[in-house]
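Have the viewer open as you read.

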Amino acid sequence: MPELPSSDAPPRKRPLSPHLQVYRPVLTMVMSITHRITGIALYAGTLLLAWFLMAAATDARSFATAAWVFNSILGQVVLFGFTWAMFHHLLGGVRHAMWDSGFGMDDPEREWLSQASLGGGIALTLLVWAIAFFLR
Amino acid sequence: MRDIDDGMRSDLRRVRYLGSAHSGTSGMWHMRLTSLALIPLSIGFVLLVLSMVGRSYGDVHATLSQPFPALLMLLFIGASIYHMQLGMRTIIEDYVHMELWKDWALAANLFFSVAVGLACIYAVLRLSFA
């Protein structure tokens, strides 16, 4: 009969599921992580939208305060980041929808999709801010 | 199926996390549905915001109180808030494993989402009707 380990023996080291720290970073992995991080950023960013709308609904003075903050340098940096997070997350969602339906999961396509959504998010952000710059 | 000699324990304790409650994929499915809706809605939102860049308070108020922009905002807010609530729920369930903390985090997520969502919706409706 094989000897069973007694309950007070030190626990045997069992193999663990590999996690982030053992992998070399690759683009698809970085895009997956940034998808989650931009999602968290957008979650927090809804406070800005709520503030903007509540200020507009309150009166001209509240709106002027909010507009002043959004037009400050820090406000503009935050809004620029919010814009990028939104487009990055949007295109990441489109990429995930393609993968969900079984399209583009093989080697060249998945890299290409990741590069396209990364570049597309940056390009759309710059485009929107260029338009905003000419409109103001 | 309740133990007679242990009447304080409900069946919930027995079945929790042990099997399918036949609703396991609804979160995943609603996440997909809201993300699909958010493709056109977020593009519309960006265009709407662009149309208000550099405008006065009166112009912004007038824009947001028109029926179509207001409806776009309400749809965008509704889909976004539900989508982000589901997303944060997934993140909490992935990383927070202590039962008590997880429940509190999930409750906080729900409260935050509802509060922010209702603030946005209330503001849009007030812009239209007040």
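In this predicted model, α4(B) has a buried set made up of B:Pro69, B:Met73, B:Phe76, B:Ile77, B:Ser80, B:Ile81, B:His83, B:Met84, B:Gln85, B:Leu86, B:Gly87 and B:Met88.

**α4(B) itself**
- The helix covers residues 67-95 of chain B.

**Where α1(A) meets α4(B)**
- α1(A), residues 27-58, packs on α4(B) at an angle of about 130 degrees, and the two axes are 10 Å apart.
- That angle is why α1(A) counts as oblique to α4(B).
- The crossing of α1(A) past α4(B) is left-handed.
- From α1(A), the residues making the contact are A:Arg36, A:Gly39, A:Leu42, A:Tyr43 and A:Thr46.
- From α4(B), the partners are B:Ser80, B:Ile81, B:Met84, B:Gly87, B:Met88 and B:Ile91.
- Sorted by class, this helix pair brings 6 nonpolar, 4 polar and 1 charged residues to the contact.
- Several of the α4(B) partners also sit in its buried set, including B:Ser80, B:Ile81 and B:Met84.

**The wider contact between the chains**
- Chain A puts in 22 residues and chain B puts in 24 residues.
- On chain A's side, the elements giving two or more residues are α1, α2 (60-71), α3 (73-100) and α4 (107-135).
- Which of them gives the most? That's α1(A), with 12 residues.
- By class, the chain A side splits into 17 nonpolar, 3 polar and 2 charged residues.

**Chain B as a whole**
- How many helices and strands does chain B have? There are 5 helices and 0 strands.
- Reading from the N terminus, its elements go α-α-α-α-α.
- Of the 130 residues in chain B, 18% are buried.
- Take the contacts in chain B with a separation of 6 or more: 70% of them link residues 24 or more positions apart.

Terms used
Residues are numbered from 1 along each chain as its sequence is written. Chains are lettered from A and ligands numbered from 1 in the order in which they are written. This is a predicted model: local features need pLDDT of at least 70, side-chain atom pairs count only at pLDDT 80 or more; totals for chains, interfaces and linings use all residues. Axes are lines fitted to C-alpha atoms, for helices over the stretch in contact, and angles run from 0 to 180 degrees between N-to-C directions. Helices (H or I, at least four residues) and strands (E, at least two) are DSSP runs, numbered from the N terminus. Angles under 35 degrees count as roughly parallel, over 145 as roughly antiparallel, 65 to 115 as roughly perpendicular and the rest as oblique. A crossing is left-handed if the near helix is turned anticlockwise from the far one by less than a right angle, and right-handed if clockwise. Two residues are in contact if their C-beta atoms, placed from the backbone, lie within 7 Å. Ala, Val, Leu, Ile, Met, Phe, Trp, Tyr, Cys and Pro count as nonpolar, Asp, Glu, Lys and Arg as charged, and the others, Gly among them, as polar. A residue is buried if 20 or more other C-beta atoms lie within 10 Å of its own, exposed if 12 or fewer, and partly exposed in between; C-beta atoms are placed from the backbone.
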